[in-house]
Amino acid sequence: MIRTSPRTLTAAMVFGALWMVPLALLPLAIGAAIDQGIAPRDTGALLMWSGLIVALGAVLSSSTVMLTRAGDRAWLHGAALMQRAVMQHATRVGAALPSKIKAGEIVAVGSSDMYSIGGLLEVIGRLTGGVVAFIVAAIALLSSTPILGLVVVVGVPLATLGLVPLLGPLRKRTEAHREEVGAATSMAADIVSGLRILRGIGGEKQFTDRFAETSQRVRKAGVNAARIDSWLSGIEVLLPGLVTILVMWLGARLALDGTISVGELVAFYGVSAFLVIPVGVATEAVHHFNEAIVAARRACAILRLTPALDSPEHPKPLPPGSFGLHDETSGLTFPAGKLTVVRTTGSDAFADRLGRYVDAPVAAGGVPLREADIDEVRDRILVAHNQDVLFSGTLADEVDMGKAVELDTALWAADATDVVDGLDHGTQEYLAERGRTLSGGQRQRMLLARALSFDADVLVLDEPTSAVDAHTEARITQRVAELRRGRTTVVFSQSPLWTRVADEVYTP
């Protein structure tokens with residue numbers, strides 16, 4: 001489902017080991033320098049060990065830079081791939097998506113879940129380095145002084161295992177927090193999309209209070225998860241600290257007895273103190289793992305969604321050119337290459353049948369749409385409702401579909417050139433989400449221009465001029481009829497201006 005570059009992860013793991021192992025070896029080198037250089041006043045040995053310490057520091061500093069770069073790259077790859085996979089699948093599910101999942105769940109993937117996945121991938125390099133460094137330190141300690149080595153080798157893993165009882169509660173509370181975040185995001189999206197209506201009916205305060213209540217639930221769920229996380233942070237310091245205290249006490253006694261040297265005591269203390277770092281990384285990895293599991297479950301829930309309609313195993317090709325349609329439900333036939341007007345209200349379902357957004361017996365030039373490839377249907381039959389959405393971006397990017405009909409021609413046919421002329425940056429003007437900076441009539445003309453620029457073989461327009469004045473509508477009907485001459489066009493409208501330019505008129 002989601003994968004980052006194996007080379008990136010491998011690099012992060014290698015640099016993680018090169019970062020962590022020198023940290024583990026530095027106390028051992030310092031202890032050897034004390035015993036072999038400082039205590040006997042051997043300048044040569046002291047210089048040798050000092051040089052080794054400097055070399056370890058150089059490896060440590062350079063690997064830190066490379067580890068950071070590789071870890072950040074793994075983070076970015078994982079987060080971006082997750083977001084892309086979910087968004088692409090959501091697009092494939094298409095019109096059935098709103099009925100299957102809340103909008104806030106999709107938004108939360110890009111606003112929080114992808115960070116959880118990225119965080120887990122980023123920590124893998126440092127976690128690998130911690131494991132390798134622990135093994136190196138354990139071998140060195142056991143070969144030097146077995147009793148102290150055994151305390152460290154057994155004590156540190158036991159300290160890490162002390163985190164396990166908290167993992168279950170942390171995951172449950174993280175899931176609860178993620179649930180509340182999704183609900184809050186869904187509510188915020190609903191409020192923003194209906195803000196103009198809320199202002200019109202004076203409902204801003206009521207919905208503000210509801211969102212504030214939801215936000216408090218998010219906060220409480222976050223605090224509950226943070227309590228467990230704080231226990232993890234405390235145990236992360238406490239248990240390895242106890243191991244360090246035990247090593248110091250036992251090492252001091254062995255040093256007083258002459259069993260170990262001063263340099264060995266310093267080495268053991270340094271290594272035991274260093275092992276707090278791998279334990280901290282392990283704790284961080286556990287935290288990221290819990291968050292990533294919750295995020296991955298949410299993403300998988302979206303990826304398991306299936307489109308309401310899909311292609312048959314052996315699809316039939318649609319007829320070439322501009323073909324006609326026949327709707328068995330209504331009994332109406334829309335001739336190829338002609339502009340047909342259907343004078344009816346509540347035309348959404350009718351239009352969706354013609355575009356195969358619902359499963360209905362509709363044939364294209366004798367080929368049932370049920371037997372055609374769904375991607376070919378989407379590419380050749382365009383259904384444009386008057387309440388479709390303009391996304392945020394430049395006007396050119398949002399309206400120009402890059403087909404045979406040029407942007408200027410589409411804007412002319414939709415009588416929208418005056419709208420563009422009134423914008424500071426023309427077609428490069430940045431439109432807010434849903435085109436909120438435009439009036440209702442301006443937005444509707446932009447939607448019509450976008451539909452015309454797609455240059456579909458069959459174009460179905462649902463009330464395309466309901467929000468414009470009669471003079472503008474008259475120009476639009478004439479221009480659309482001229483632009484679409486010889487192409488199949490179906491218009492659902494009760495306006496006599498559309499009837500006047502139509503080749504066929506139906507009144508169901």
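View 1. Phe350 belongs to helix H11, residues 348–354; helices (H or I, at least four residues) and strands (E, at least two) are DSSP runs, numbered from the N terminus. The model is predicted: local features need pLDDT of at least 70 and side-chain atom pairs count only at pLDDT 80 or more, whereas totals for chains, interfaces and linings use all residues. Residues are numbered from 1 along each chain as its sequence is written, and side-chain values use heavy atoms, with hydrogens and water left out. With a relative accessible area of 9%, Phe350 is buried (buried means under 20% relative accessible area, exposed over 50%, partly exposed in between, for a 1.4 Å probe and protein chains only). Neighbours within four places in sequence set aside, Phe350 is in contact with Asp327, Ser330, Leu332, Phe334, Val342 and Phe492, where contact means heavy atoms within 4.5 Å.

**View 2. Tyr506 in strand S11.** Strand S11, residues 504–506, contains Tyr506. Not counting residues up to four places away in sequence, Tyr506 touches Leu332, Thr333, Phe334, Thr340, Val341, Val342 and Arg343.

**View 3. Packing of helices H9 and H10.** Two packed helices are described by the angle between their axes and the distance between the axes. For H9 (residues 262–274) and H10 (residues 276–303), the axes come within 4 Å and cross at roughly 10°. Axes are lines fitted to C-alpha atoms, for helices over the stretch in contact, and angles run from 0 to 180 degrees between N-to-C directions. H9 and H10 are therefore roughly parallel to each other; angles under 35 degrees count as roughly parallel, over 145 as roughly antiparallel, 65 to 115 as roughly perpendicular and the rest as oblique. Ser272, Ala273 and Phe274 of H9 meet Val276, Ile277 and Pro278 of H10. By class, this contact has five nonpolar, one polar and no charged residues; Ala, Val, Leu, Ile, Met, Phe, Trp, Tyr, Cys and Pro count as nonpolar, Asp, Glu, Lys and Arg as charged, and the others, Gly among them, as polar.

**View 4. Ala282 and the annotated spans.** Ala282 is found in helix H10 and is buried, with a relative accessible area of 16%. Its C-alpha atom and that of Val123, 159 residues away along the chain, are separated by 9.0 Å. An unreviewed UniProt entry places the feature "transmembrane region" at several spans, including residues 46–67 and 268–289; UniProt positions are given in the numbering used here, feature names are shortened, and annotations may be inferred rather than shown by experiment. Residues 46–67 are 100% helix and 0% strand, and their end C-alpha atoms lie 31 Å apart. For residues 268–289 the end C-alpha atoms lie 32 Å apart, and the span is 95% helix and 0% strand.

**View 5. The largest nonpolar core, around Leu411.** Of its 38 residues, Leu411, Met446 and Trp498 touch the most other members; a nonpolar core is a set of buried Ala, Val, Leu, Ile, Met, Phe, Trp, Tyr and Cys residues joined through side-chain atoms within 4.5 Å. Helix H16 (residues 440–453) gives the most to this core, with six residues. Beyond its neighbours within four places in sequence, Leu411 is in contact with Val399, Ala416, Thr417, Val420, Thr427, Met446 and Ala449. Another core lies apart from this one and has 37 residues, among them Val151, Val247, Val279 and Val281.

View 6. Asp415 sits in the loop between helix H14 (407–413) and helix H15 (417–421). Phi of Asp415 is near 50°, a positive value in a residue other than glycine. Asp415 counts as buried at 8% relative accessibility, and, leaving aside neighbours within four places in sequence, it is in contact with Arg445, Thr472, Arg475, Ile476 and Arg479. Asp455 is placed in the loop between H16 and strand S9 (458–462), and its phi, near 55°, is likewise positive in a residue other than glycine.
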